[in-house]
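Hi,

Here is the structure I promised to pass on.

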Amino acid sequence: MNDLRLRLGQNLGLLLAIGLFLLFWLVYNGLHPKGFSTAVLIQNANESFVIGAVAMAQTVPVLAGGLDLSVGAVMTLVNCLASVLVNGSGWQMVLGILVCLAAGTLAGWVNGAVVVYGRIQPIIATLATGAVYIGIALFIRPTPGGEVDGDLSWALTNDVYEFCATYGLFDDGEAAWLAPFAWIPMPMAIMLLVIFLIWIPFRNSVTGRGVYAIGSSEGAAYMSGVRIDRCKIAAFTLAGFFAGLGGLYLALQTSSGNADVPQAGAYTLNSIAAVVIGGTSLMGGSGGAICSLIGAMVIRAISFNFRIFDIAPLLQPLFEGIVLLGAVSIGAARVFRVKNRLELLG
Amino acid sequence: MTPDNSPFLELSGVSKRYGGVRALEKVDFACRRGSIHAVLGENGAGKSTLIKIIAGVVQPDEGTMRLAGQQVRFRDPLAANAAGIVCIFQELSLMPDLSVADNIGISNPPRTRLGLIDKRAQRRRTEELLARVGCEDVNPLEQVRNLPLSRRQMVEIAKALGRGPRLLILDEATSALTSSDVLKVYDILKKLREEGLCLLYISHRMHEIEALADTCSVFRNGRHIETFPAGTRSPDEIVQLMIGREMAHVYPPKPEGRGAVPPVLEVQDLRWGDRLNGVSLEVGKGEIVGLGGLDGQGQRELQLALFGVLSGLSGRVLVDGRPVTLSSPAQAKHRSIGMALIPEDRKTEGLMLPMSIADNLGMAAMGSLTSGVFIDPAKERAAIQRMVDKLKIKAGDVANPVATLSGGNQQKVVIAKWLLTEPRIILLNDPTRGIDVGTKQELYQLLRDLADAGASILFYTTDYDELIGCCDRVLILYDGRIVRELQGGEINEKAIVAASLNLGADAKAAPANHSGISP
């Protein structure tokens, strides 16, 4: 089928990332004493959610041809906010969660507004706003701590069965129709919901396609009547939402908040690596959030293997860097090939 | 004309200036429904500015525009589109990473009830439009970047048709098409004419205009010279109208009766993508060789290729009879080759605007101004002063940013910067664009002095006067090849224009040259 071949060809980067992920993940599970068990899957999913969400956040501005250096900071800010707000009675928690997600979204919108109306390059605008967000996070939580509702934390970091059992849904999760889904880790379920309810509709909206158009050729997009400002702001706003989601989940996972500046930076840098590994062009215009999610999973799968191969902790960064460099090089080779042709006619 | 056949688009007294340059001067222009109206003129005659004003890309300084009797003023291309004016520009306006269907549906895609893009409907519409332009072989899912240039141009035409134009402007829309596609486009345009569209057709290809146009308008120096029904003037007469009579500049005398000179730069069958299709030339010691032809026939690419900027070249380049590989400007500049390129756009490629005049001057020759590994300030100062004096650069203080200088003086800085490297081969890319007549004369004299001192100069200019006044020989490029070499008395305006339009012996063969070009 001709269409199929085309689609495969256009998603080579993604296929490559999926292959890499499967390689690392299968090796890990094969050598793990409890490999391929639900427990390992849940643990892996929990550990991948935050970096996955932050990588998705990074993707949207990158598609529009910019970089967002504040994704780690937004994640940290929402993490600290959640450690204050997500506890108490049921409705208080729901409200807390909504406020956390809204705060991330707002931070993203501010980034977009600074870039569009301030006419500042994204990389420098978000470097500055990122510092501001970290500042606010430190103000909220000067020392690590805080409290997140234990039940909620337990329910959302386990599988679907535990979630239902905790909140007494569907016969405490024993309903027959639920059985095929009971093993799915909650982080995976949440991620799937986000992809189907937010990312895919965005991608298929006029604004979303405008984001791709801008990254591909801003001049041509303008001449074609794309509303440049609106699309750019939307890109950063969605990035803020995704980063906020990551921060919220980190709070659930660790039951606390921590305005950890080096950690924020590491998440930002890893998000860029995940975007590249996933096959999204740093020049914009092609790729997507799902690609970056896979890219993030590749990065996590690499570090899982350190537990198996018993590499001295001091050497881990070295190996992580080497494997990452290799993975990024494979992903980047495609970009180089494309660039060569058009080099000077831009 | 009968009243019911009133003009669809009417411009009166429209003027536009860019800085001190008059691009359009009190232009009155009208075109009607159901006709193909060709706009003719030399480079810089004002055609591009005219269509940019109509399409809302730039706003006129004065004058009014009426569309179907209503006075209009477009703020941006979006507003012009809304009024039914659709333009196919020379530079393609497609997004390379998006699929054909996404490109065609970019401004107004079909939507589902949820407000999202209806991919199926979009694909159907794309297939319909592609079928209309005879491109059924293009898969709507294909990314535009993977299409050959000729297909891209057809997609561009399909995209324009998809917007339901009332006035369609085609600016050199056939420049990259294969000859069979050109025929398809003819049929489409004739069909659109029958449907009552108003078509503005800008092309440098005389035979296309003969085949298509109902009415022709000639522009020259920003003025509308004449409008006449097609077929009432011979190509010769049209060329005469296009060039007019104006020799504005004064040139230094050319050396007389020089014999054969040994070639310093030899180029053999240089090819690059579909922009250079086998260029061969020689430039001798002390010779000024002009590169002529219409804009965008490969002149710019030729110079960039020689300067080592392009990759993926084939062909041979010899300097002093030795083959050289050109892989970077740094290498081309090296003493063993000694090449310099004065680029077209001094603001982006020639100068670092915020840096000082002195820093800019010293930039290219840095290597020769050192003692040990450090830049020697005394040497640098002396060299810079030498250049400021030699080229009479009017600068208060060389420590000021170069952006504070006038255009002419900025251009002198660009040239001086390269003269400091003592080049033997100088490539010039339209160096006198946008500078005043006085400075132009100084530059002409400078070029002649450099040539007399032994430099070989390859001089691309869009101004035919300069080709005639400055150059010992003139090579005319068309479609990435040299189609004509003019020497001595042959270098006159008529010969240059005729060769640029590729009229004469090989005019009929011209479209066929496009076939067999891979993207």
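Let's start with A:Val211, which sits in helix α11 of chain A; helices here are DSSP runs of H or I with at least four residues, numbered from the N terminus. Before going further: this is a predicted model, where local features need pLDDT of at least 70 and side-chain atom pairs count only at pLDDT 80 or more, while totals for chains, interfaces and linings use all residues. Residues are numbered from 1 along each chain as its sequence is written, and chains are lettered from A and ligands numbered from 1 in the order in which they are written.

Is A:Val211 buried or exposed? A:Val211 counts as buried because it has 29 C-beta neighbours inside 10 Å (buried is 20 or more other C-beta atoms within 10 Å, exposed is 12 or fewer, partly exposed is in between, with C-beta atoms placed from the backbone). Leaving aside neighbours within four places in sequence, A:Val211 is in contact with A:Val60, A:Leu63, A:Ala64, A:Cys231, A:Ala234 and A:Ala235; contact means C-beta atoms within 7 Å.

Three of those partners, A:Cys231, A:Ala234 and A:Ala235, are in α13(A). Helix α11 (206–216) packs against α13 (228–254) of chain A at about 100°, with axes 9 Å apart; axes are lines fitted to C-alpha atoms over the stretch in contact, and angles run from 0 to 180 degrees between N-to-C directions. The two helices are therefore roughly perpendicular (65 to 115 degrees; under 35 is roughly parallel, over 145 roughly antiparallel, and the rest oblique). From α11(A), the residues involved are A:Thr207, A:Gly210, A:Val211 and A:Ile214.

Helix α11 also turns up where the chains meet. There, 25 residues of chain A are in contact with 23 residues of chain B. On the chain A side, α1 (2–10), α11 and α12 (218–223) each give two or more residues.

Elsewhere in chain A, helix α2 (12–31) has 20 residues and reaches 29 Å from first C-alpha to last, close to the expected 28 Å (1.5 Å times one less than the number of residues). Its buried residues include A:Leu16, A:Leu20, A:Phe24 and A:Trp25. Seen down the axis, the buried residues of α2(A) fall within an arc of 165°, so they line one face; the arc is that of the directions from the axis to the C-beta atoms. Turned away from that side are the exposed A:Leu12 and A:Gly30.

Over in chain B, 8 of the 8 residues of helix α1 (47–54) are buried. Just after α1(B), B:Gly56 takes a positive phi of about 80°.

Cheers

Methods:
Contact = placed C-beta atoms within 7 Å.
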